[in-house]
Structures are given as structure tokens and as C-alpha cells.
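Hello,

Here is the structure I promised to pass on to you. Please open it and keep it beside this email as you read.

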Amino acid sequence: MDPFLRHYAYHSEYKLDAAVMRDAAKHFVGKHDFSAFANTSRNDRVPNPVKTILRFDVVEKGPLLRLEVEGSGFLYRQVRNMVALLLQVGRQAVPPDIVVRILESRDRKELAKYTLLLPPHGLSLETVKYNEEHLILPTDSPASSFGRHHSISKCKVLFV
């Protein structure tokens, strides 16, 4: 493991089969109830566990694997749990179709039978795309609402 990547990549002790991981990742794509992949203790504010995964790519870059997920939204620790399962598939500890069975179960305990929680090493949010309609200010809001037209008239800087 490259020491400069230790905080930015997860190191697997096992050789991973990227092709098998790609096959399993295809099962995540589409509109599904991801209750089995969320940590429920933090999802009490998310009433709808149904999310749409637009793509889940497993890209080989030399000795590194890059897993890229794009979706309509994610539940708490959903991506970490999906990646944890894919690592088990990649080391051939479980078959790729296990993804379908766990999705259908909608039970976090079912996922826990096959994998443990991964640390956040390497997980990063790269972009957020907002629906433009959600960014339009209400017609009755003041012009300076939400800091959009904020200007600084005075500035004080203290030196010690």
C-alpha cells in the first residue's frame, strides 16, 4: 500500500476480482429500497428509503480499484455498506447475486451476515447536482434572502 494513499484509499488484504465486482454492482443500478444498506439509527429523518442508482462503476487504475456511484440520493452509510458487500464479492467470499437477495430482504441484519462496516478511507463526495427548480427563491422572499445578495459594508480586523 502506498503510504501517501493510506488515508485516501482502503487497503484490501485480499486479491479482488474486479470483473465479478462489476457484475454485482449492476444489481444496485435502478430504483430500489435500500433499507438493508442503511444504518437505521441515523435514518429517522429520511422517510423514503427508495433511491435510484444511476451508475455504479468499478474502474481499474493499475493496482487500484475506483468505485464510482451516482444516484438520486443516499441513505446514511449506504455507499459504505454497498462497497463493503462488493469487497466480499470481489474476494469471492459470496456470489454476485447476493446483492439481489439483500436488496429484496430490506433488512440491515441480512447484510450484517455477510460483511462488516468499512472505515471511510477513500470515500469522498465529488459532485452534487441540484434540480434547478429547488434553487429558485419563493416570490415573496426578500432580495437579501439566503445571503444571495449580501454585501459587506464594514469590516473590522483585530491584531494582537
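Below is what turned up, starting with the rings, then the strands and the surface.

First, some ground rules. This is a predicted model, in which local features need pLDDT of at least 70 and side-chain atom pairs count only at pLDDT 80 or more, while totals for chains, interfaces and linings use all residues. Residues are numbered from 1 along each chain as its sequence is written, and side-chain values use heavy atoms, with hydrogens and water left out.

**Aromatic rings**

Searching the whole structure gives four aromatic pairs. Rings of Phe, Tyr and Trp (its six-membered ring) count as a pair if their centres lie within 6.5 Å; planes under 30 degrees apart are stacked, over 60 edge-to-face, and the rest tilted. Phe28 and Phe37 have ring centres 5.3 Å apart and planes at 80°, so this pair is edge-to-face. Phe28 also pairs with Phe56, and here the rings are stacked, with 5.5 Å centre to centre and 25° between the planes. Helices (H or I, at least four residues) and strands (E, at least two) are DSSP runs, numbered from the N terminus.

Buried means under 20% relative accessible area, exposed over 50%, and partly exposed in between (1.4 Å probe, protein chains only). Ring pairs join Phe28, Phe34, Phe37 and Phe56 into a cluster.

**Strands**

Two strands pair if DSSP finds at least two bridges between them. E1 and E2 run antiparallel and are joined by four bridges, with Gly30 opposite Ile53 in E2. E2 also pairs with strand E3 (residues 64-71), again in the antiparallel sense, over eight bridges. On that side, Ile53 stands opposite Gly71 in E3. The hairpin of E2 and E3 has two residues between the strands, and Gly62 takes a positive phi near 65° there.

Lastly, have a look at Val128, which is found in the segment after helix H4 (108-112). Val128 has a relative accessible area of 47%, so this residue is partly exposed.

Enjoy exploring the model!
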